[in-house]
Structures are given as C-alpha cells and as structure tokens.
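Please read this briefing alongside the sequence and the model. It is meant for a reader who is meeting the structure for the first time.

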Amino acid sequence: MVEKGAGKGLAAAERYYQDYGCRAGELKRQGKRIMGYLCAFTPVEIIAAAGFMPLRIKGDVNEPITKADAEMETIVCPLVRSCFDVSLKGKYEFLDGIVIPHACDSITRTYDIWKYTLNFPYSHLINMPHATDKPSLDFYKAELNTFRRSLGRFAGREISDQSLTQAIRLHNQNRAKVRELYELRKMNPPLISGAEVTRLLVAAVSIPVTEATELINNVVEEVKQRGKVRAAKPARLMVVGGQVDNIDFIELIEDSGAWVVADDLCPGAREFFSDVADTPDPVDGIAERYLRKICCSRTFRERRGSYHEYLEQRFGHIGRSIRDFKVDGVVLYIYKYCDPYGFDVPAMKSYIESKGIPVLYLEDEYSMSTIGRLRTRIQAFLELLGSK
Amino acid sequence: MKSQYFAGVDIGSTMTKVVIMNRAMLASVIGPTGPEHRKLANRVMEEALAQASLPFDDITYVVATGYGRINVPFADKQITEISCHARGVSYLLPRARTVIDIGGQDCKAIKLNDNGRVVEFVMNDKCAAGTGRFLEVAAEGLGIKLEDMGRLSLEAKSKVEIGSTCTVFAAQEVVAKLSEGVPLPEIIAGLHEAIAARIHSMVGRLKIEREVALTGGGAKNIGLVKALEAKLGFPVLLPPEPLLTGAIGAALLGKDIVKQAAASGTPLPRSERRLQEVTLFTR
C-alpha cells in the first residue's frame, strides 16, 4: 500500500516510474491477476470489476527498438512498436492477458501480432466505432457487453452490476483527484512542473486505482507545501499529442525555460477530465464516456454547422485549457506515422491560431536520439513567444 | 559616451562566422567548422578582433548562435539561428517576409511579420536532401568544386531528372548519368532542380509571403537560386554575403538586449572576456 507522509508522494511516483510495472509484478507474486492494456480507450472499469488489476502497457524512449521489427513493419507508429518491443523483451511477461481497443490502425491492425506472438492466456480486441452517432453507440455497447461476458468467463465469475458500479466509483474518484492536481498548475508559477505531473500520471496507471488516488493525493498535499518559491519562467506552454508516457520531452521543454502547465495527452487531461456517469445499466455510462466524452483524434465527430463551429466541436477542450491554464503557446507533439493526429494537424493548428496562440508543430519518432534534436525548435519557439 | 561594440558568433555545421558591429559592420571572419568548435570559436574571434583593431574587453556583448552555439565559452548569451537569421534579414533586407536559409546540414524557412519578428518557422535537419550537403556529396561524385556548380549549371540546355531523393543514391545516379555521356551542366542543373523542389515543398507549409530572402551557403549558388526562383515564380532577395546573416543578426540581437537592459536599468550578466583554449574531447 501507498503510505502517507514524506517520500510517499513525488518520491514514490519516481520509483514507480523508474521501475515501471514493479507494483503489478509484486501484486502478481501475491496472487493478484494482472491485465495489460493499450490506450486510454480500454474501459479499465470492466477489467477492475472482474478482479484484475489493469496495467497500461508503456513504451520506452531510451530502449532502441531491436526485436519488434521482425514482427511489425516500420509503418506502425513508433510508440506501438516500442510497447511491443519491450513486451517481446519480457517486460510484461507476468501478465494474465491483454486487452486492446480499436483505437487507431496501428493498435488494431497489430492485435493479431500481439495475440499470437506474446501468447498470453487471455487476449481480447474491443471493436470500437469511430463515429459517435446513436447506431455507433448501440454497437459499442453491445461490444462492451461481449467483452464483459468474455472477461467474466476467463475470470471464472460473472461481472456483476454491483462490482461494475463500485469500479466506476473508484475510477471517478481517481479522475477527480487528478483534476484537483491540475488546479495547482493554474497558478503562476505552477506549483508542480509538467515533468512531475507526467511522471506521476504514468506511475498512476501502473498501480491499482485506489493506491493511485492515494498517491496523487499525497503529491497534492506535498506540493501545496511548496508555496510560491519556484522560479518564474517566461512562458506557460500546453502540449497536445498522443500517448506521452516518458517525461523526457516534457523535461526538454522545461529545461529550455518554460513551464508545461497544461496538456491534452495520455496519460493526462484527455483521460482524466471526463467521468463515467452513474446510469441504471453501468455499461451505458461506460459506453457514453469512452465513445463520446474522451476527445481524441481517433474519434470522428460528424461535421455540423460552419467550419468554425465544427472546429469548436472537435477542439473546444483545447481552447478551454488554453483559457483556464493561461497558456502562451501550444506544442503539437505528433509521432511519425500517427495517422489520427497527423490527419488533424492542419485543423488543430488553425483552431489554436484562431485563438491568437502560436503553435509549434513537432514530428518525432519516440526515441531519445530524436527528442534531443528538437531542442533548437523549442528554443526558437520560446524566443518567438518572448518577442511577441 | 564610450562606443559600444557587439559580436555575433555563428557556429554552423559546416562554416563558422563572426562579425563585430557598432553602427556598421567593422569586421567579419568566415572559417570552416572543424570537429572542435571551441578552439575554432576562439580563433575566428581573435581574427575578427584583429581586423577591427579592438581589444576583447571593448566588446560590449557577445551572442552565439548556430548548431554549435553552446560551445562558445565567451558568449554572453545563446540565441537560436532562427531568431538570428530573422533579425539579420530584417536589418539587411527589410522588405523580406519569408527567409529561406540553406545551410550545410539543414534547411529552414522563417516567416516574419512587418516588424521583422518571427511568426512561424519550419526546419529540416533530419535528411541531407534539401541541404548544402546534398550538393557537396554530388560535387565530390562529379569531381568538381562545390563553388563551380552554380556557374556550370547555367550552361545547361536542358536538365536531367534525378530520381533518388536519398543523397547517397543521388550521387551514384549522377555518376551513372555522367558515364552515359550526359553533359555535366545538365546533370548539375538536374541536381539544383531536385534540391529546389525539396526546399520549395518544405517552405510551402508556411504559406509563402513576398519578398523572399535567401541566406546560407545555398544562396551563393546561382544555379540553385535560379531553380528556386522558377519554383516560386518570382525573384528572391539576396544579402550581400549570405553566410553572414546569422552572425549579423546575433550581433544586432545583442545590441537590442543591451539597449533594453539600459532602458529598464537591469544589470546584464556577462561572461569573462578571455579566449580560453578548450577542447571538446576529453582524454
């Protein structure tokens, strides 16, 4: 269990981050069953309700991809290839299974590779539609019920409504705690750095949800003690992108003389800013949240009204964060071969710029050697913001 | 009041440039960048000071820029080449709204507003195609001097198509064309066409605004300049010495900083005015 007091907040997060998955391995040895998953679109509530601990599979920018290429072509996004590469090298061999949602093509179309190469006792693909209309929602709900039954059979017991409702409550509490943490980023200077937030949230998706809530709470209490002693930096930035599960890029920005005060990332605001509603059939609330509330480029929202209104529908959450967190500039941080975010770059850029906020678009390859090369662009962007 | 002098040191991947300015440019030195940046920064700075007949202590402020900017121990401040090129061009060619800098190992495009401030930029430093390195490798393959390429290409009656975008393969392709008997000027014109297409498509992401200024080593190649102008559909502006734009911009930004600090009364931290012999490689 996570204890309270000194060393139980940021220091504990650092330990879980450095030795990612260590808590899951420890629990596994005590008899807990662990279910790996990819992407924020996996409904972790169902996994937790079945008695498993969900563990988000993470890549490693410091580990060169050496084994994955034999199984996965290089047109697959480098993040997914890195996740697969570290899995092949045994990082997650203690898992009882893996759940993969139909998030993007790089994830979906490699499901069979994950399933047959890693051969976990359980594998499941959740077929998730990309549109958000009523028929799509109905379809998705049916898919979630299929998953619920399938996982229940593997667990050896049906997943009851009661256990689902309980899991939903715990995850909503966890999300509320993250939002409380984000409040501390609104101050100037922020009470917590962007690198600390990302490190903490990565740690949080690698431990059981109740422990994660407590860990985040400890950090909130710890950083509140800091008061206003932190160095003022000239710019407050927001980072928008896919899954950023290493702190190196965020650190590079903050070492260059800016604070990262807001994000639309995973793990980050994208997955912690919306809750599952309390519905008579708990699956209804889950379906509604994952299909309609999470704002990710993989989900297509049908165009209604003018182009301006359409942009507001799709990217309004970014605009709200720019306003609430007093953001001076936005960094679009997109992995090469990330189709969903790559497609959205021009629209996102024009939306953010229409708010009078400069945008730096960076394409990266999810590797430490390429991250370093972005330094000059980031510094030039900060100079641009400084001379405005 | 004692006159003030500003130095700009631009350590590019291929060439190192230093200027000393007060109201006008007093000295400028250009030398090849070796593997040991710091040694070189010392040497070119020494040369520039001799040219300007100034002791180092008289230099009010030193700004370093370029790929090797962190390796200038005597610099008071490091500023990226994006900001420095923008400042240099807006001083030399005030009508420019877009800057295309073709360097030895990268290529960048910068969009400026009416005040000469950077609005947006794009950069390619991942791939040699579209940079000076592409022409260097090709010149080597053809057995000619890099600086002769521009002049030679103007003699071409037509140009060959270079299919490879990869620099290494393009060099091989060029040698094959030569052995097929294709005249040298047509091959070089083809190379210029290929690199211009590459640069033009990158710059296109900025929504090009006139006037366009061309800087860096690539701007010294008349064949490449003509090829780019053909793609753009209008003539470009060229500074008197395209290699110096970044260093001039660095010196001017130093001047701006000193002026601002004096106006607000804030003290400016400065590095020691000493040329140290430092080496990058520890033994």
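What follows describes the two chains in turn, with their contact placed between them.

This is a predicted model, in which local features need pLDDT of at least 70 and side-chain atom pairs count only at pLDDT 80 or more, whereas totals for chains, interfaces and linings use all residues. Residues are numbered from 1 along each chain as its sequence is written, while chains are lettered from A and ligands numbered from 1 in the order in which they are written.

**Chain A: overall build**

- The secondary structure of chain A comes to 17 helices and 8 strands, where helices (H or I, at least four residues) and strands (E, at least two) are DSSP runs numbered from the N terminus.
- Chain A has a radius of gyration of 20 Å, close to the 21 Å that the globule rule gives for 388 residues, so it is as compact as a globular protein of that length; the radius is taken over C-alpha atoms, and the rule is 2.2 Å times the number of residues to the power 0.38.
- Taken along the principal axes, the C-alpha atoms of chain A fill a box of roughly 65 × 55 × 45 Å.
- Of the 388 residues in chain A, 50% are buried, a term that requires 20 or more other C-beta atoms within 10 Å of a residue's own, while 12 or fewer make it exposed and counts in between make it partly exposed, with C-beta atoms placed from the backbone.
- Among contacts in chain A between residues at least 6 apart in sequence, 73% join residues at least 24 apart; two residues are in contact if their C-beta atoms, placed from the backbone, lie within 7 Å.

**Chain A: strands and their partners**

- In chain A, 4 strands form an open sheet with parallel pairing, in the order E2-E1-E3-E4; two strands pair if DSSP finds at least two bridges between them.
- Strand E2 (52-56) and strand E4 (122-126) of chain A stand at the edges with a single partner strand each, so one side of each is left without a neighbour in the sheet.
- From one strand to the next, the twist of this sheet averages 25°, with axes being lines fitted to C-alpha atoms, for helices over the stretch in contact, and angles running from 0 to 180 degrees between N-to-C directions.
- Helix H7 (residues 134-155) of chain A packs on the sheet, where it touches E3 and E4 of chain A, and its direction makes about 175° with that of E4(A).
- Strand E1 (residues 33-37) and strand E3 (residues 97-101) of chain A run parallel and are joined by 3 bridges, and the bridge partner of A:Met35 in E3(A) is A:Gly97.
- In strand E5 (residues 235-243) of chain A, 9 of the 9 residues are buried, so this strand is largely enclosed by the rest of the structure.
- E5(A) runs parallel to strand E6 (residues 258-266) of chain A, to which 7 bridges join it, and A:Val240 stands opposite A:Asp264 in E6(A).

**Where the chains meet**

- The contact between the chains takes 8 residues from chain A and 9 residues from chain B.
- On the side of chain A that touches chain B, the residues divide into 2 nonpolar, 3 polar and 3 charged; Ala, Val, Leu, Ile, Met, Phe, Trp, Tyr, Cys and Pro count as nonpolar, Asp, Glu, Lys and Arg as charged, and the others, Gly among them, as polar.

**Chain B: overall build and domains**

- Chain B contains 8 helices and 9 strands, and 48% of its 283 residues count as buried.
- The radius of gyration of chain B is 20 Å, which agrees with the value near 19 Å that a compact globule of 283 residues would have.
- Chain B is divided into domain 1 (5-82 + 244-264) and domain 2 (95-238), with bounds that come from an automatic or database domain assignment.
- The contact between these domains takes 6 residues from domain 1 of chain B and 11 residues from domain 2 of chain B.

**Chain B: sheet and a loop residue**

- In chain B, 5 strands form an open sheet with mixed pairing, in the order E3-E2-E1-E4-E5, and the edge strands are strand E3 (25-32) and strand E5 (77-78), each pairing on one side only.
- Strand E1 (residues 5-11) and strand E4 (residues 59-65) of chain B run parallel and are joined by 6 bridges.
- B:Leu54 lies in the loop between helix H1 (37-52) and E4 of chain B, and B:Leu54 counts as partly exposed because it has 17 C-beta neighbours inside 10 Å.
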